[in-house]
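Please read the following walk through a structure with the model open beside the text. The paragraphs go from the overall fold to single residues.

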Amino acid sequence: MLVGAFSDCGTTNNDGLCPPGESGGVRILLGGWLIVLGLILVVAVYVRALGATGQTWGRRLVGVKVVDRMTGEPVGIGHALGRQLFACFISTQIFGLGYLWMLWDDRRQTWHDSVVGSIVIEV
């Protein structure tokens, strides 16, 4: 969709040249919305799987599961979303230190596991 928006464009003397028209703008807007919708869908499927079963497809393949540290049950969708948001915005931002933290933590927890009270176990 985004590539099609620029299909009528060309270059002359190193200047970008696109003919005027509304269809290119509509295609760009629609392509951007499809990207955002796709990301939301992927996150929703990922968080639902993590919250409901403690496993995503990748975790199932490697044989690990995210569970509540106290109960041993899956963390639930709310905690799974919080865990994922914390991982994306905090754990990765300082040289990935939040992920590396498990290497020297007694419980082998990452920062985002500590925040929601979860732990990763082998199944």
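**From fold to residues**

Of the 123 residues in the protein, 25% are buried, where buried means under 20% relative accessible area, exposed over 50% and partly exposed in between, with a 1.4 Å probe and protein chains only. The model is predicted, and local features need pLDDT of at least 70, side-chain atom pairs count only at pLDDT 80 or more, and totals for chains, interfaces and linings use all residues. Residues are numbered from 1 along each chain as its sequence is written, and side-chain values use heavy atoms, with hydrogens and water left out.

The secondary structure consists of six helices and four strands; these are DSSP runs numbered from the N terminus, with helices being H or I of at least four residues and strands E of at least two. Along the sequence their order is α-β-β-α-α-β-α-α-α-β. Contact means heavy atoms within 4.5 Å. Among contacts between residues at least 6 apart in sequence, 49% join residues at least 24 apart. The accessible surface is about 8600 Å², and carbon and sulfur atoms account for 67% of that surface; the areas come from the Shrake-Rupley method with a 1.4 Å probe, and for residues only the protein chains shown count as cover.

Helix α4 covers residues 77-91. Its 15 residues should span 21 Å at 1.5 Å a residue, and the end C-alpha atoms are 19 Å apart, which agrees; the expected span is 1.5 Å times one less than the number of residues. Which residues of α4 are buried? They are Ala80, Arg83, Gln84, Ala87 and Ser91. Seen down the axis of α4, these buried residues fall within an arc of 100°, so they line one face of the helix; the arc is that of the directions from the helix axis to the C-beta atoms. An α-helix has 3.6 residues a turn, so residues three or four places apart point the same way. Gly78 and Phe89 are exposed residues on the face of α4 turned away from its buried side.

Leaving out residues up to four places away in sequence, Ala80 touches Val47, Leu50, Gly51 and Val75. Ala80 also belongs to the largest nonpolar core, whose five residues include Val47, Leu50, Val66 and Val75 as well; such a core is a set of buried Ala, Val, Leu, Ile, Met, Phe, Trp, Tyr and Cys residues joined through side-chain atoms within 4.5 Å. Arg83 has a relative accessibility of 5% and therefore counts as buried.

Next come the aromatic rings. A search of the whole structure finds two aromatic pairs; rings of Phe, Tyr and Trp (its six-membered ring) pair if their centres lie within 6.5 Å, and planes under 30 degrees apart count as stacked, over 60 as edge-to-face and the rest as tilted. Trp101 and Trp104 form an edge-to-face pair, 5.6 Å centre to centre with 70° between the planes. Trp101 and Trp111 form a tilted pair, at 5.8 Å and 50°. Trp101 lies in the loop between α5 (97-100) and α6 (111-116) and Trp111 in helix α6, so this pair ties together parts that are 10 residues apart in sequence. Trp111 is buried at 18% relative accessibility, whereas Trp101 is partly exposed at 30%.
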